[in-house]
Protein chains: 2
Amino acid sequence: MKPYVLGIDIGGTNTVFGIVDARGNVIASSSIKTGKYTNFSDYLEELYTEASRLIESNDATDKIQGIGIGAPNANYYTGRIDNAVNLPWPDLPLAQLVSEKFGVPVAVTNDANAAALGEMTYGAARGLKDFIMITLGTGVGSGIVINGQVVYGHDGLAGELGHLTVKRNNGRQCNCGRTGCLETYCSANGVARTAREFLEIRQDPSLLRNLDIDSITSKDVYDAAIQGDALAKEIFDYTGTILGEALADMTVFSSPEAFILFGGLSKSGELLMRPLKEAMDRSMLSIFKGKPKVILSELKEADAAVLGASALGWEAK
Amino acid sequence: MKPYVLGIDIGGTNTVFGIVDARGNVIASSSIKTGKYTNFSDYLEELYTEASRLIESNDATDKIQGIGIGAPNANYYTGRIDNAVNLPWPDLPLAQLVSEKFGVPVAVTNDANAAALGEMTYGAARGLKDFIMITLGTGVGSGIVINGQVVYGHDGLAGELGHLTVKRNNGRQCNCGRTGCLETYCSANGVARTAREFLEIRQDPSLLRNLDIDSITSKDVYDAAIQGDALAKEIFDYTGTILGEALADMTVFSSPEAFILFGGLSKSGELLMRPLKEAMDRSMLSIFKGKPKVILSELKEADAAVLGASALGWEAK
């Protein structure tokens with residue numbers, strides 16, 4: 001076993017990569033712009049050049065055991081990316097192409113599964129065998145761990161809990177083409193949509209009315225709530241309640257020991273956690289009441305994506 | 001390894017038990033009345049007497065490898081039954097008591113998990129590693145298999161998909177104390193409730209109006225639908241649609257290769273399957289569209305409970 005892995009997190013905007021040791025120390029990291037390369041082979045060339053530079057300058061040449069990649073829609077079984085609307089390339093065999101270029105084994109999975117692996121290997125889920133990672137970012141992602149293993153499902157694509165239907169009728173339009181998905185309510189975008197709905201429908205005063213309604217962000221709502229704005233707090237109540245009800249529903253599936261929340265919105269503190277826990281407890285099937293914990297990720301935001309991806313590098317074959 | 005296991009299915013009314021060989025042949029079976037014994041030690045004495053008689057008369061003395069038991073709320077990890085409202089006894093350490101009495105290892109799980117194990121060992125799920133068993137009986141039960149293993153969750157009680165919330169507002173009251181659970185709509189009782197609602201709210205003629213509304217059963221609805229009764233057919237449309245939408249939601253969790261339907265209602269043929277498949281396809285997240293199969297159990301109804309429980313007997317330690 002060689003001492004390092006390379007973790008690569010491919011996002012729509014940036015690709016972050018880092019050299020990680022077996023204890024989860026990020027030895028060094030760097031990034032390139034994903035969106036700049038509409039041609040994948042140009043992208044791969046640049047990634048190889050920059051990663052090789054990082055590896056050489058950290059005396060890690062020939063010390064990389066494997067590469068783990070987290071990327072939207074990346075399939076653990078096939079190694080492919082298909083239908084990834086946020087990436088500039090057509091469908092492609094990602095693991096194979098990267099492995100051929102770098103000459104080391106590569107494993108890929110989607111970003112939320114990578115986050116779950118990272119949390120289990122280095123973070124808040126160390127020692128847990130049954131947990132569900134919920135990433136509250138622009139959208140809502142999830143990584144499900146049962147019996148110590150990430151759930152990939154029959155086709156490698158399991159764990160899309162952001163697309164659980166939480167509102168069956170008159171639900172919000174989702175990017176997936178369906179309506180009422182969890183992520184249309186409980187993501188950063190969802191919070192901004194709730195703000196716009198509340199401001200349009202209601203008349204009560206709010207600090208948010210000083211802002212351009214079409215460009216309100218979840219950060220704006222957070223800032224207003226922290227200043228005591230009643231309407232902004234209600235937006236968090238609404239968001240937390242829907243998420244708490246959804247976590248109760250997820251519990252009847254796999255009865256996890258804990259839900260681990262990750263991403264910008266998860267740092268809203270009691271504004272989100274109080275209504276979330278109240279709704280979760282109220283909606284919980286009695287045999288599970290009081291059992292699943294809700295805890296926050298322990299991975300440093302800056303390192304989390306790379307760490308998560310790198311955890312997969314150890315299992316690459 | 002000894003050649004037989006004893007499978008025991010404990011229901012609220014009857015306890016059925018049988019001697020099963022490694023190929024899933026039920027060598028012999030018998031039953032006692034569960035409800036007759038309010039004292040568990042009397043029940044266990046009678047079960048032991050009758051099962052011993054069956055074992056002796058089939059030349060199986062000292063040939064029983066283990067005992068598997070399926071029972072409401074039975075916990076695979078603890079071996080206990082707790083809060084089983086349909087059974088006449090208080091909470092008790094079922095596996096331990098039965099093992100002490102019979103002198104062989106005993107494993108227990110709930111009835112739907114047992115059904116999933118039976119289907120995987122002897123039935124429609126042979127060769128499948130990722131599937132979800134849905135039992136459509138008086139209530140709705142489920143057994144989830146991921147990567148060839150039944151999902152027991154952190155506490156041994158996972159897989160209660162009958163209590164997924166399918167109607168968030170104004171949902172029907174469920175026996176579990178919550179509202180809007182899947183089983184209030186898609187069980188035999190649920191179909192009867194739908195019939196009563198439709199008959200009260202609507203005015204159109206129906207064969208069902210010839211029956212006493214308070215004692216209508218799902219069988220009555222089926223019989224009327226088979227005779228072409230429009231309202232009865234709509235009741236199946238309503239039921240199948242809700243179930244199909246729920247199966248689509250379950251798919252985002254574990255991306256199963258198949259759903260296996262079991263129990264009386266699953267034998268309603270196209271009356272249920274057509275609306276179910278249409279709704280499932282319509283509600284399915286695009287990456288999973290057309291993937292999960294919906295198939296019917298291949299276990300003989302009479303033997304299924306015993307076979308399911310017996311499958312667990314092989315792993316008892």
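How many Å apart do the C-alpha centres of domain 1 of chain A and domain 2 of chain A lie? In this predicted model, the answer is 28 Å. The legends below take you through the views one by one.

**View 1. Chain A is divided into two domains.**
Domain 1 is built from two stretches, 4-120 and 301-313, while domain 2 covers 127-296. Let's look at where these domains meet. Domain 1 of chain A gives 13 residues to the contact, and domain 2 of chain A gives 14 residues. On the domain 1 side, helix 3 (residues 111-122) of chain A provides the largest share, with 8 residues. Sorted by class, the domain 1 side that touches domain 2 has 8 nonpolar, 3 polar and 2 charged residues.

**View 2. Helix 3 of chain A crosses helix 9 of chain A.**
Stay with helix 3 of chain A and find helix 9 (residues 301-313) of chain A. The axes of these helices come within 7 Å and cross at roughly 85 degrees. Angles of 65 to 115 degrees count as roughly perpendicular, and that is why helix 3 of chain A is described as roughly perpendicular to helix 9 of chain A. From helix 3 of chain A, the residues in the contact include A:Ala114, A:Leu117 and A:Tyr122.

**View 3. Helix 7 of chain A packs with helix 8 of chain A.**
Here the axes of helix 7 and helix 8 (residues 270-283) of chain A are 7 Å apart, and the packing angle is about 40 degrees. Helix 7 of chain A and helix 8 of chain A are therefore oblique to each other. Is the crossing right-handed or left-handed? Helix 7 of chain A passes helix 8 of chain A in a right-handed crossing. Among the residues that helix 7 of chain A brings to the contact are A:Phe236, A:Leu243 and A:Leu247. Those from helix 8 of chain A include A:Leu272, A:Leu276 and A:Met280. Counted by class, the contact has 10 nonpolar, 5 polar and 6 charged residues.

**View 4. Helix 7 of chain B crosses helix 8 of chain B.**
Now turn to chain B, where helix 7 spans residues 230-254 and helix 8 spans residues 270-283. Their axes come within 7 Å and cross at roughly 40 degrees. Helix 7 of chain B and helix 8 of chain B are therefore oblique to each other, and their crossing is right-handed. The contact includes B:Phe236 and B:Leu243 of helix 7 of chain B, along with B:Met273 and B:Leu276 of helix 8 of chain B. By class, there are 11 nonpolar, 5 polar and 6 charged residues in this contact.

**View 5. Chain A touches chain B.**
Finally, look at where the chains meet: 34 residues come from chain A and 34 residues from chain B. On the chain A side, strand 7 (140-146) and helix 7 (230-254) are the elements that give two or more residues. Helix 7 of chain A gives the largest share, 4 residues. This side has 13 nonpolar, 12 polar and 9 charged residues.

**View 6. Chain A can be laid on chain B.**
A turn of 180 degrees, with a shift of 0.0 Å along the axis, places chain A on chain B with an RMSD of 0.1 Å. The two copies are thus related as by a two-fold rotation axis. The same surface serves both copies, as 100% of the contact residues of chain A recur in chain B.

Methods:
Residues numbered from 1 in each chain as written. Chains lettered and ligands numbered in written order. Predicted model: local features only at pLDDT ≥ 70, side-chain atom pairs only at ≥ 80, totals over all residues. Contact = placed C-beta atoms within 7 Å. Nonpolar A, V, L, I, M, F, W, Y, C, P; charged D, E, K, R; others polar. Least-squares fit on C-alpha atoms with pLDDT ≥ 70 in both. Axes fitted to C-alpha atoms, helices over the stretch in contact; angles between N-to-C directions. Parallel < 35°, antiparallel > 145°, perpendicular 65-115°, else oblique. Left-handed = near helix turned anticlockwise from the far one by under 90°. Domains from an automatic or database assignment.
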